[in-house]
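Here's a quick briefing to read alongside the model. Have the viewer open and follow the topics in order.

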Amino acid sequence: MISSSSLQQSHGFINPSNFARNRNLGLSNLGSINLQSISCNSKLPKFPQILVTKPLHISSIGKFGSLLKVEDKRESLVVCKAYEAEEGGIEKAESARKVKIGFYFATWWFLNVIFNIYNKKVLNAFPFPWLTSTLSLAAGSLIMLISWATKVAEAPNTDLEFWKSLFPVALAHTIGHVAATVSMSKVAVSFTHIIKSGEPAFSVLVSKFILGESFPMAVYLSLVPIIGGCGLAALTELNFNMTGFMGAMISNLAFVFRNIFSKKGMKGKSVSGMNYYACLSLLSLLILTPFAIAVEGPQMWAVGWQKAITEIGPHFIWWVAAQSIFYHLYNQVSYMSLDEISPLTFSIGNTMKRISVIVSSIIIFRTPVQPVNALGAAIAVLGTFLYSQTAT
């Protein structure tokens, strides 16, 4: 090692990596540099050449090499920390997204249970499903119009193309909504939702034969218990009604198309899930109102309303308001979920939601359930669980 020595070369270039090869200067013992990889598979940078215009004084070649080693470690450490920070940020964002979706699902299911309870109460006292469906859409439309007018929610920026793309979604939504309400006016809530738990089967079949999508064999096998369980529950239902059964089946098919069209319509649009459903409610209300008037009519509604008020009392008005408001809220949250997930995942969440609806309705309305009927429902739910594990 050479201490307190000076090396001079006017206007020349000295490459530090050549010190060890300069035997004339006696620098054969250059300070050692650890060439092992430090971390993150980093490579040692090439030593830059140094332009020397004044005498270069090196008190210790060993110290010079150590400084190079320290600088390289610092550079590698910075790179590693940056990579770890980026990776940690991605993990946190994904975790936050999962929590958000979980919250949406839990809220969606809770609001749906409340809606089904009040909806069945209304239909038992006032068996007019077309008007009941219309009131649900009208309540949601009114809520959003007030929200936009008071600036509680930002009004969507839409154009003619948006409403054109929304029309098939609104048509499917209207059909599915009315069909489900007709079904629940004829049969028990639990039976309607057992049949509607077959929605994944419709989703897969539509995606396969109409959209041309393919799925693993496990997905197709999971549909067997879903279809079989729904069929067993239908055959053993004490209060079976063909109108109620067909209403649930039509609702399944319509809602599958609605979900697929919705996901396509929401792509590339600046309209949020909440506003998208609000616009959907407005358009569905316009589609449904003339049909509701034609099928049932104001005269029938007036007679039925008076009878319900006489039998139930003022509480009936609260029931109608509650079922209408909760219908809008649960659908609004479901569309906020659809913003984050695929149509198939949406169908899974929609089906798993039915478990809580089936159980709660059986308890609240004291619906008689035969062991075979319960077995069919359990098989259908098991199939839904298997489907959820294979389709995602």
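This is a predicted model: local features need pLDDT of at least 70, side-chain atom pairs count only at pLDDT 80 or more; totals for chains, interfaces and linings use all residues.

Let's start with helix α3, residues 160-186: its 27 residues reach 39 Å from first C-alpha to last, close to the 39 Å expected at 1.5 Å a residue. Helices here are DSSP runs of H or I with at least four residues, strands are runs of E with at least two, and both are numbered from the N terminus. The expected span is 1.5 Å times one less than the number of residues in the helix.

Residues are numbered from 1 along each chain as its sequence is written, and side-chain values use heavy atoms, with hydrogens and water left out.

- α3 bends by about 35 degrees at Phe167, and a proline, Pro168, follows within four residues. The bend at a residue is the angle between axes fitted to the seven residues ending there and the seven starting there.
- α8 has 23 residues and spans 32 Å from its first C-alpha to its last, close to the 33 Å expected at 1.5 Å a residue.
- α8 has a bend too, of about 30 degrees at Leu288, with Pro290 as the proline that follows within four residues.
- After α8 comes Gly297, whose phi is positive, near 95 degrees.

**The cores**

- The largest nonpolar core holds 31 residues, and Leu166, Tyr276 and Leu280 touch the most other members. Such a core is a set of buried Ala, Val, Leu, Ile, Met, Phe, Trp, Tyr and Cys residues joined through side-chain atoms within 4.5 Å.
- The elements giving two or more residues to this core are α1 (61-125), α2 (129-149), α3, α8 (273-295) and α10 (315-338). α8 gives the most, with nine residues.
- Leu166 touches Tyr276, Cys279, Leu280 and Leu283, not counting residues up to four places away in sequence. Contact means heavy atoms within 4.5 Å.
- Apart from this core lies another, of 14 residues, among them Val122, Leu131, Ala308 and Phe316.

- Thr134 is found in helix α2 and counts as buried, because its relative accessibility is 10%. Buried means under 20% relative accessible area, exposed over 50%, and partly exposed in between, with a 1.4 Å probe and protein chains only.
- Thr134 touches Leu285, Leu288, Thr289 and Ala292, leaving out residues up to four places away in sequence.
- Ser136 is also in α2, and at 2% relative accessibility it counts as buried.
- Ser136 is in contact with His177, Gln323, Ser324 and Tyr327, its neighbours within four places in sequence aside.

**A loop residue**

- Asn157 lies in the loop between α2 and α3, and at 67% relative accessibility it counts as exposed.
- Asn157 and Asn275 are 118 residues apart in sequence and 9.7 Å apart in space, C-alpha to C-alpha.

**Cysteines**

- Cys230 counts as buried at 9% relative accessibility, and Cys279 counts as buried at 1%.
- The disulfide count comes to zero, where a disulfide is a pair of cysteine sulfur atoms within 2.5 Å.

**The whole chain**

- The chain has 12 helices and four strands.
- Of its 392 residues, 45% count as buried.
- Among contacts between residues at least 6 apart in sequence, 87% join residues at least 24 apart.
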